[in-house]
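This report examines one protein structure, from overall figures down to single residues. The sequence and coordinates are shown first.

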Amino acid sequence: MGTLVEPALLLLLWQSVWALDIPLEVRQPPTIIKQSMKEHIVDPKDTMVIECEAKGNPHPIFSWRRNGKYFNVARDSQASMRRRSGTLDIYAKNNPEQYEAEYQCIASNEYGSAYSNKIRLQLYRAPVWPREILEPVVVSAGLPLVLSCDPPPGPPKPETYWMSSSFPTMQAVRPDRRVSMGVNGDLYFSNVLINDSVADYCCNARFPYKNVIQQKMPVVVKVLTTQQSAIGAAPTWLSPTGSSSSILVLQGEELLLECIAAGMPTPRITWTKDGEDLAVTSRMKVKNFNKMIQIPKASFDDVGEYTCAATNRLGYIEHTITVRVKAAPFWLEKPTDLILAPEENGRLVCRSDGAPRPTISWSINGEPIETADPQPNRQVSGDTLIFRSVSASNTAVYQCNASNQFGYLLANAFVNVLHATPRILGPRNELTKVIEGSHALLDCRYFGSPVPELRWSKYGQGNLEGNRFKTHSNGTLEIKRIRIEDQGTYLCIISNIAGRDENQVRIEVKEPIIIVTKPQSMKVMRGTDVRLECGVKADITTPVTTNWLKNKKISLDESNLVITNVNRGDEGNYTCVIKNELDQKSASAHLMVMDRPNPPTNLELSDPYERTVRLSWVPGDSNHSPITEYLVQYDDDDWLPGKWRNLSTYPGTLNSVILHLAPFSYYEFRVIAINEIGASRPSRPSTRFQTSGAPPDVIPKNLKGVGTWRNNMEISWEPLTYREWNGPKLKYLVWWRRRDSREEWKNATTKWLKYYIYDADTFTPYELKVQAVNDFGMGPESPVVIGYSGEDRPIAAPLNLRVSDIESTQVTVHWDTVTRGSIMGELKEYKVYYWRDSSQLRWHWVNRAMKSKSFPDDVPEPSGTVTNLIPYSNYKMYIVVANNRYEGPPSNSIHFSTPEGVPSAPTSFRIQQRHLDSIYVDWDLPAEPNGIITGYSLKYQTGTGEELRVEEFPPNTTSFSIRRYDRYTRYRFSVAARTRLGLGEWHTEESPHYTTESNLLLSLCINTIGLVENKHFEVLNGCCLCVLVCLSVRSGPEEPRGEIPRYSYSDNCLLVGQKKTLEGIILRSDSDDSLVEYGEGGEIPFNEDGSFIGQYTGTRRDVRELDFGGSLELHSPMNTIYSLA
């Protein structure tokens, strides 16, 4: 049978050696194993339990003493003892106070009686402060004040603290140099200030047994102002009083030294010990602004005289506290159970100390040894009880009591005289696996009387002792720094005069775990991937497991840990734990995740002024990347909150800044922390804050004065924005006076953006200024600007209007200026009005619309050029002067004529194909001949780039015919008119693309129909024939059956309108490659002779294939039209 030895257990066994155990099956006196505390506090509302447990063979019988007398538990209806136990249960429904007493448990069997400590039972009583009405405490400012607490006593002693209440909040009183809370729970004011009367004060006590808090009725403090408070007072002692005092403290208890002084100004406290400056050690704490010294565990080194001194500018006092340290009894050597064989010798040692030194007394089974039956082989020698040649009569439980005036110690130790053969206790033939290099402990617990001799050997040979082997008194063999060669079987042998026993333990030595690759600490950015490696080498016969711990919690089971997309939650200590059944090794690394900062918290506003406020905040966690700056944002929109704007940035080392703001505005602030990673989330907004008002800072802009009538002036300006008001009820103070006059400034206040001055002279200059005004005062004045009153109509016309340098399209105009006074305002311009009265060609109609041109220059000999005139025309012209509102009377009108120029392009240029082998072109006169037409030039060229040909024509020839080389050649024609000054603008067209004879016939048909407007109506019979041709082309045999016809009546056939005009919509074929575009679609205009600018494409049909028979009736031209509908 094998067991696994845990390293922690081996270490424990190695550090402490077991004492000799007595198996419970061996007869023995009782031993107390569990009991209640000496001071035992219970709640009478619950079951009151006093514990007492003991062991022994035979099992002990229990009894109790109460206040030193036998307590008959069986006859008490409210008390009982638990089965096979001495634990006492008391159900005190009636009169629980009767059970407040001192109890002692006795466990007895035939071999002796063991006694427990004396247990003092105390009842817990709910602490109740007496309901009392506390009168207000009236004190003058500058005097000391002590507010007593006097909490209920307990038990146990309560913890006290003070609260100050100012409706509706309550907060703890913060101690400072002036205000202190004493050790006794009272509240001390070294001097009282006026502000101390703002709040009420109440003492609170927390009782630790039930964690109950009780509150005393609040005390109202009224502080009176006197002249004495300004004078001050020398120090006096509030606690302790007088010049000296003493404190007695027991060793190990808490020592508190306190000095609280009154005075005005508040005194400062200093300490000395035994005439020298107090040396503050690690065992000592100076608290409460140097008014208290706390020593948690007092020792004899703390004995001495402690002097506290209180000083202010008016005096100096001292108080000496003498500290004495005493000690309740404590153990130096506690008696232990003694097992002896008959005729053996032994002793019990009861050694203790204390201050004063304790008195030692012995008892046998609870009876004082002085009154017990004397035994010649038993002797008391001071703190030692000696036994010689013991016998069974010496078997008993012996009590040792060490006591002084501060307490007592009670110990039970039995003497058991018996004869027992040696036996090995615990499991046998164990297999123990250990790690090479560790300490191995081989257990061999045994018992026997007399005490057996013990010997360890390997494979039963020799005696293992010395060097790395050590045998402890409890039988355990310790092997230090075990090696591979130590593996094997070890034998434990015990023997005495009564017999012999042995047990073997087999050891297997395994190789230790070695972490080859340890995880490395990292500092990474949020969102990256992290890999932590943990390589290991271990014994091949002992499988290992790898666990990763994060902050001591298991995360997952893998040799290498991979964390993807790390965030702040992944930060922490990662520990790789490698373990097998014997060994465990670990290696740790810290993962630090850098991230954007956490947002600042606890935004507070303080020190408000009309234009500034202090903003403070608590910085958020920087997340391992230092905060470089803070961005403060504000929201000042009353109507649409949430529009945050940047105010300013501040260094990352600051957390309190002065903000510069606009007056009379509501603000909310928030702060964003920024580090190298990025910006934090915005903090929670601060409380809403309004700056106080101030006079306006801004000057109204764009001040100007303009007359709207001849005797007034409108003064206007741009308004201030609401943020620029700086206060309520914004108005504008307007100032004006005549320029270059000695009159005083006049002013008026208005809330509008305009102000009118009446009864002003015409076009008079005024000095103007304006300033904003609110309830807090007037803002700065604007710079003075010059404004003018209203203008009137000019009273004079420019004289001597004349022209020079007359060209075909422009002329130079000259005039004499008018006087400044006759303008009746500011000169804006001289304006020339002109119109084309007639053409020098008497038959040519002209547009007589009037035009104008302005000349703003005001020079002594003004002139200007009028452009965009039409050549060979007669013009009329006059001139006026104008101010900003009116034009003056016209000057005399003059006449001039423009010379000839070059003509514009000919109009209505048409290209027609009236026969299969010829093209006919004609044109009309130019829209603007600009002179006498002397002829026309015509250029034409085929689309294939043949030689350009030019034809010249006299003025009465406006048509030309050319013979085609073939039916498919296209021509580009350009025509221009000529005067004696030269050729004018060219008009260019391209001939249509006729691809089939049917299209040609259709063109001829259209040309014929076009004559209807000018010829006899009987020609409409030709239209019928053309329509039939269209229908035939549409329904030709080449059209596939079932397909949508390509042509429709609206597409290729012509409709006759009510005014004997014909319009058609022609679909252009996919083969159209025209070089010149004719319009952008829609209606196609026809010329007078029936030709049109356009093209037709379609299925080629021979006109000879058309069938004109059948049901076609041509008796009436109208019938044909109706039949088409």
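## Overall composition

The model is predicted. The secondary structure comprises five helices and 89 strands. The protein has 1125 residues, of which 45% count as buried. Among contacts between residues at least 6 apart in sequence, 65% join residues at least 24 apart.

## Nonpolar cores

The largest nonpolar core contains 32 residues. Ile50, Trp64, Leu88, Ile90, Tyr103 and Phe447 are the members with the most contacts inside it. At least two residues of this core come from each of strand S3 (48–50), strand S4 (52–57), strand S5 (61–66), strand S8 (88–90), strand S9 (102–109) and strand S11 (119–123). A second, separate core has 20 residues, including Val249, Ile269, Ala310 and Val325.

Phenylalanine 447, one of the residues with the most contacts inside the largest core, also has a list of contacts of its own. When residues up to four places away in sequence are not counted, phenylalanine 447 touches Asp21, Ile22, Pro23, Val26, Ile339, Leu418, Ala420, Thr421, Pro422, Arg423, Leu425 and Pro452.

## A four-stranded sheet

An open sheet is built from four strands in the order S61-S60-S63-S64, with antiparallel pairing. Strand S61 (645–651) and strand S64 (689–690) are its edge strands, each pairing on one side only. Strand S63 (residues 666–674) runs antiparallel to S64 and is joined to it by two bridges. Tyrosine 666 has glutamine 690 in S64 as its bridge partner.

## Disulfides

The structure holds six disulfides. Three of them are listed here.

| Disulfide | S to S distance | S-S torsion | Handedness |
|---|---|---|---|
| Cysteine 259 and cysteine 308 | 1.9 Å | about -65° | left-handed |
| Cysteine 350 and cysteine 400 | 1.5 Å | -60° | left-handed |
| Cysteine 444 and cysteine 492 | 1.8 Å | about -75° | left-handed |

In the disulfide of cysteine 259 and cysteine 308, the torsion about the S-S bond is about -65°, so the link is left-handed. The pair connects distant parts of the chain, 49 residues apart: cysteine 259 lies in the loop between strand S23 (255–258) and strand S24 (260–264), and cysteine 308 in strand S29 (residues 304–312). Cysteine 259 and cysteine 308 are both buried.

For cysteine 350 and cysteine 400, the link is left-handed, with -60° about the S-S bond. Here too distant parts of the chain are linked: cysteine 350 is in the loop between strand S32 (346–349) and strand S33 (351–355), while cysteine 400 is in strand S38 (residues 396–404), 50 residues apart. Both cysteine 350 and cysteine 400 are buried.

The torsion of about -75° makes the disulfide of cysteine 444 and cysteine 492 left-handed. Cysteine 444 occupies the loop between strand S42 (440–442) and strand S43 (446–449), and cysteine 492 sits in strand S47 (residues 488–496), so this pair ties together parts that are 48 residues apart in sequence. Cysteine 444 and cysteine 492 are buried as well.

Cysteine 202, by contrast, is in no disulfide. The nearest cysteine sulfur belongs to cysteine 203 and is 8.1 Å away. Cysteine 202 counts as buried because its relative accessible area is 1%, against a limit of under 20%.

## Two loop residues

Aspartate 583 is found in the loop between strand S56 (572–579) and strand S57 (584–594). The relative accessible area of aspartate 583 is 9%, so this residue is classed as buried. Its side chain reaches the backbone nitrogen of isoleucine 513 at 3.1 Å. Leaving aside neighbours within four places in sequence, aspartate 583 contacts Ile435, Pro512, Ile513 and Ile578.

Lysine 210 lies in the loop between strand S18 (200–207) and strand S19 (212–215). With a relative accessible area of 37%, lysine 210 is partly exposed. Its contacts, again leaving aside neighbours within four places in sequence, are Asp43, Asp46 and Tyr124. The C-alpha atoms of lysine 210 and alanine 126 are separated by 8.9 Å, although these residues are 84 residues apart along the chain.

Note on methods. Residues numbered from 1 in each chain as written. Predicted model: local features only at pLDDT ≥ 70, side-chain atom pairs only at ≥ 80, totals over all residues. Heavy atoms only, no water. Buried < 20%, exposed > 50% of the residue type's maximum accessible area, 1.4 Å probe, protein only. Polar contact = N/O pair within 3.5 Å; in protein donor to acceptor, adjacent residues only side chain to side chain. Contact = heavy atoms within 4.5 Å. Pairing = 2+ DSSP bridges. Core = buried A, V, L, I, M, F, W, Y, C linked by side-chain atoms within 4.5 Å. Disulfide = S-S within 2.5 Å.
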